[in-house]
Amino acid sequence: MLDRSILREDPEKVRWALDVKGVDVDFDETLAIDEEWRELKAKGDELRHERNEVSSEIGELKQTGKEEEAQEAIERSGELKTELQEIEERADELEERFERALLELPQIPHESVPVGEDEADNEERYREGFDDLRDLPEEVVPHYDIGEELDLLDFERGAKVTGGGYQFVKGDGARLEHALIQFMLSVHREQGYTDVFPPIPVNSASMRGTGQLPKFAEDAYRVGARQDDEYDDDDLWLLPTAEVPVTNMYRDEILLDEDLPLKHQAYSPNFRREAGEHGTETRGYVRVHQFNKVELVNFVRPEESYDRLEGLLSEAEEVLKRLELPYRVLDMCTGDMGFTQAKKYDIEVWAPGDDMAEGPEEGGRWLEVSSVSNFEDFQARRAGIQFRPEHHKSAQYLHTLNGSGVAVPRVMVAILEYYQNDDGSITVPEALRPYMDGQELIEGHRPVGESALGAGEGE
RNA sequence: GCCGGGAUGGCCGAACGGUAAAGCGCACGCCUGGAAAGCGUGUUCCCGUAUGGGAUUCUGGGUUCAAAUCCCAGUCCCGGCGCCA
């Protein structure tokens, strides 16, 4: 949420943000609402002042036994009440509209962000890990095929048990995923993160605090209600990212200066409806309705947030470096950045299995595994998270940042493809072996059930 | 799930229909060679350049000229009973 004073003092800046982020709202109307509200508010305050005076007069008159005069004053008070009601009703309505409009204004991008329309305008900052690539098989088999061949991924049964977009990860695949999670958590623990195991359902107030609501209701799963039912603050949703519970952990609180910077990491499943995403990327373990992620959340002093953004980026990168997976880092442009962010980097890992037009020269494709963002005080203001710079001073909004400690499934994809061997087995990255009882190779399993027979995979 | 009690500033805590005490903490000022103590002022949000005004006792409704206070609904906390990995 933007500070309302910025709308009054520098509306052009807001207009610019709307333009470069490609957000379409009637900003002039919002300004007009604010103006009219202030007028009514002043008038209402005046009437209320009068009424307060009359009211305390009544108190005095009653106590000194002047019943008649008191009666007169009571009548006068009644008149004021009617008048007030009219004005305040109108003012309340305007304020509500203003608040709602305020929630739909996006964060203003930082001056260092490249201006652009869509992903084509993102700027690549650098690549890592391409100098010393592994020897790959002639044809790298895409993860969804090799995952099924080795019986590590099972999309059909996931669809049977739950629905399309859900999957079973099995055997060594499941072990690999567990290992990845534990590995990430310990890397970040070394970097000074405190572990948090968050609740999975979160209420609407939390979803609003981090910016998922009201604009993105259709992307999240409702709990105990129909998707399109109206919702209030206490209604529940399945978390789309652990950012929601972890950031909102301190909602409506004031932290102490010595608490900062505060670094939390949270492993959780994430639930996304991916509404309207059909046709693009529905295959495999890349865009699914439920996936695991280790999320990094930082609470910092405002003047430190941009340094911390760089720190957060390298903390997230560390995971890929230690896994020796090639990747690149993008500076996201204004149009591709998202509603809540002031600046954002994406980390994309190289998955060599599927050649795609947008991929690197080596073939394969890029997979976004992490977004590292600075929200400045946008979320803090929505969620009411403040800190006290010095014990005496008044509280001010802190800055929040977050980054995926990389999304687990897409790293699984990269491992299944990049660590693939000629004989169709998968080498376990060295960094993960301690988390898999020293296992070095994944050779797959014999599938269970007669449906596998026809595919030539059975006995 | 049922029954009972509760929610007031950064913290503690009074007022229990007449318009939100006191204390602690913290800051500023006075005092001091300096500090402590002491004294004074301040310490939520909104409108206003400002004098100033308004709002605010968990949230939302209601009763009343007037609600922290009474009534209804909800949320959370505490205690008891029940159920339960």
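Residues are numbered from 1 along each chain as its sequence is written, while chains are lettered from A and ligands numbered from 1 in the order in which they are written. In this predicted model, local features need pLDDT of at least 70, side-chain atom pairs count only at pLDDT 80 or more, and totals for chains, interfaces and linings use all residues; side-chain values use heavy atoms, with hydrogens and water left out.

An unreviewed UniProt entry lists a "binding site". UniProt positions follow the numbering used here, feature names are shortened, and annotations may be inferred rather than shown by experiment. Arg 272 sits in the loop between strand S9 (262–271) and strand S10 (290–300). Helices (H or I, at least four residues) and strands (E, at least two) are DSSP runs, numbered from the N terminus. Glu 274 also lies in the loop between S9 and S10.

The two residues fall into separate accessibility classes: buried means under 20% relative accessible area, exposed over 50%, and partly exposed in between (1.4 Å probe, protein chains only). Arg 272 has a relative accessible area of 28%, so it is partly exposed. Glu 274 has 17% and is therefore buried. Contacts are counted next (heavy atoms within 4.5 Å). Beyond its neighbours within four places in sequence, Arg 272 is in contact with Asp 219, Tyr 221, Pro 240, Thr 241, Val 288, His 289, Phe 291 and Lys 293. Its side chain reaches the backbone oxygen of Pro 240 at 2.8 Å. With the same exclusion of neighbours within four places, Glu 274 is in contact with Asp 219, Arg 287, Val 288 and His 289.

The nonpolar cores come next. A nonpolar core is a set of buried Ala, Val, Leu, Ile, Met, Phe, Trp, Tyr and Cys residues joined through side-chain atoms within 4.5 Å. The largest one has 60 residues. Leu 180, Met 184, Leu 323, Leu 325, Val 411 and Ile 415 have the most contacts inside it. Leu 323 touches Leu 180, Phe 183, Val 411, Tyr 419, Pro 429, Ala 431 and Leu 432, leaving out residues up to four places away in sequence.

Leu 213 is found in the loop between helix H8 (204–210) and strand S6 (222–223). Its relative accessibility is 2%, so Leu 213 counts as buried. Its C-alpha atom is separated by 8.6 Å from that of Leu 103, 110 residues apart along the chain. Residues up to four places away aside, Leu 213 touches Ser 204, Met 207, Arg 208, Tyr 231, Trp 237 and Arg 382.

Strand S11 (residues 327–331) is mostly covered, with five of its five residues buried. Tyr 327, Val 329 and Asp 331 point one way from S11, and Arg 328 and Leu 330 the other way. Strands pair if DSSP finds at least two bridges between them. S11 pairs with strand S1 (residues 123–128) in the antiparallel sense over five bridges. There, Asp 331 is the bridge partner of Glu 123. S11 also pairs with strand S12 (residues 343–351), antiparallel and over five bridges. Here Val 349 is the bridge partner of Tyr 327.

An open sheet of three strands has the order S5-S7-S6, with antiparallel pairing. Strand S5 (201–203) and S6 stand at the edges, each with a single partner strand, so one side of each lacks a neighbour in the sheet. Three bridges join S5 to strand S7 (residues 236–238). Pro 201 stands opposite Leu 238 in S7.

The structure holds 10 aromatic pairs. Rings of Phe, Tyr and Trp (its six-membered ring) pair if their centres lie within 6.5 Å; planes under 30 degrees apart count as stacked, over 60 as edge-to-face and the rest as tilted. Phe 130 and Trp 350 form a tilted pair, 5.5 Å centre to centre with 50 degrees between the planes. Phe 130 lies in the loop between S1 and helix H5 (143–149), and Trp 350 in strand S12, 220 residues apart. Phe 130 is buried at 13% relative accessible area, and Trp 350 at 2%. The rings of Tyr 418 and Tyr 419 have centres 5.5 Å apart and planes at 90 degrees, so this pair is edge-to-face. Tyr 418 is buried at 2% relative accessibility, and Tyr 419 at 7%. Ring pairs link Phe 130, Trp 350, Trp 366, Tyr 418 and Tyr 419 into a cluster.

Definitions and conventions: Polar contact = N/O pair within 3.5 Å; in protein donor to acceptor, adjacent residues only side chain to side chain.
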